[in-house]
Amino acid sequence: MRNGIVVIALCVAVAVAGCQRTGFRTGQPAPLSPAPVGDIQSGQLPPAGQSDFPDAPTTQGPSEQELQTVAANAPEVTRDSMVGRWTISTGGNSCDVFLALTKWTGGYRAASRGCNDQAALISAWDVQGKQVILNDSSGNQFAALYKSGEQRFDGTTAVGQPISLNR
């Protein structure tokens, strides 16, 4: 019987010891040393829109005339064909937009992921004739797009910036 009590006491002691915090300090961690700074260069930046890199990618989309041609020849669009994940590109940035058939202010529910520009504000969408309309959370039109390929839509934002959706 005495051996049974010793075993139980030993098990309890081991279990309690395992519940104690070890190796962790409470409070603030020690501050890090600053990284060494190399030479600082100064100079004049190029004017906005210009780059020192000749092969820099451009963010220019279709011209206004090209968009008018696309709009005139664009096929009809159905809501069902728009449901799902799309990659949206505008202003040199791209991210994901998800379109659903859940009714929402401004049409149907839309959600963005990974957007760090104005596209992050998209929260609704709808189809109006041949156009896909993207709206912000206030119901204001963010962009209007026309089908320009099998899985591609091109258009402009409300401020005239080129925008595209593709899968």
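Reader: What does Phe98 touch, and what makes these residues count as contacts?

Author: Happy to start there, with the note that this is a predicted model. Setting aside residues up to four places away in sequence, Phe98 touches Gly84, Arg85, Arg109, Ala110, Ala111 and Arg113. Contact means heavy atoms within 4.5 Å, so each of these residues has a heavy atom within 4.5 Å of one in Phe98. Phe98 itself lies in strand E2. The C-alpha atoms of Phe98 and Gly84 are separated by 5.4 Å, although the two residues are 14 apart along the chain.

Reader: Why is Phe98 called neither buried nor exposed?

Author: The relative accessible area of Phe98 is 29%. Buried would need a value under 20%, and exposed one over 50%. Since 29% falls in between, Phe98 is called partly exposed.

Reader: And what about Glu76: buried or exposed, and how do you know?

Author: Glu76 has a relative accessible area of 57%. The cut-off for exposed is over 50%, so Glu76 is exposed. You can find Glu76 in the loop between helix H2 (64-73) and helix H3 (79-82). The C-alpha atoms of Glu76 and Tyr146 are 8.9 Å apart, with 70 residues separating the two along the chain.

Reader: How do you know whether Asn135 is buried or exposed?

Author: Take the number first: Asn135 has a relative accessible area of 6%. Buried means under 20%, so Asn135 is buried. Asn135 is found in strand E5, and residues in contact with Asn135 beyond four places in sequence include Leu121, Ile122, Ser123 and Phe142.

Reader: What makes Cys95 and Cys115 a disulfide?

Author: Their sulfur atoms are 1.9 Å apart. The cut-off is 2.5 Å, so the pair qualifies as a disulfide. The pair links distant parts of the chain: Cys95 is in strand E2 (residues 93-104), while Cys115 is in the loop between strand E3 (107-113) and strand E4 (122-128), 20 residues apart. The structure holds one disulfide, and both of its cysteines, Cys95 and Cys115, are buried.

Reader: What is the handedness of the disulfide of Cys95 and Cys115, and how do you know?

Author: The torsion about its S-S bond gives the answer. For Cys95 and Cys115 this torsion is about 85°, so the disulfide is right-handed.

Reader: How do you know that strand E1 and strand E8 pair?

Author: Strands pair when there are at least two bridges between them. E1 (residues 84-90) and E8 (residues 162-166) have four bridges, so they pair, and they do so in the antiparallel sense. As one place to look, Thr90 stands opposite Ile163 in E8.

Reader: Which strands make up the barrel?

Author: Eight strands form a closed barrel, running E1-E2-E3-E4-E5-E6-E7-E8 with antiparallel pairing. From one strand to the next, the twist averages 30°.

Reader: What makes a set of residues a nonpolar core here, and how many residues has the largest one?

Author: Such a set consists of buried residues of the nonpolar kinds, joined through side-chain atoms within 4.5 Å. The largest has 22 residues, and those with the most contacts inside it are Met82, Ile88, Trp125, Leu134 and Phe153. Elements giving two or more residues to this core include E1, E2 and strand E5 (131-136). For Ile88, contacts beyond four places in sequence include Cys95, Cys115, Leu134 and Ile163.

Reader: How many residues does the chain have, and what share of them is buried?

Author: The chain has 167 residues, and buried residues make up 23% of them. The chain exposes about 12,100 Å², with carbon and sulfur atoms supplying 54% of that area.

Terms used. Residues numbered from 1 in each chain as written. Predicted model: local features only at pLDDT ≥ 70, side-chain atom pairs only at ≥ 80, totals over all residues. Heavy atoms only, no water. Buried < 20%, exposed > 50% of the residue type's maximum accessible area, 1.4 Å probe, protein only. Areas by Shrake-Rupley, 256 points an atom, 1.4 Å probe, with all protein chains shown as cover. Axes fitted to C-alpha atoms, helices over the stretch in contact; angles between N-to-C directions.
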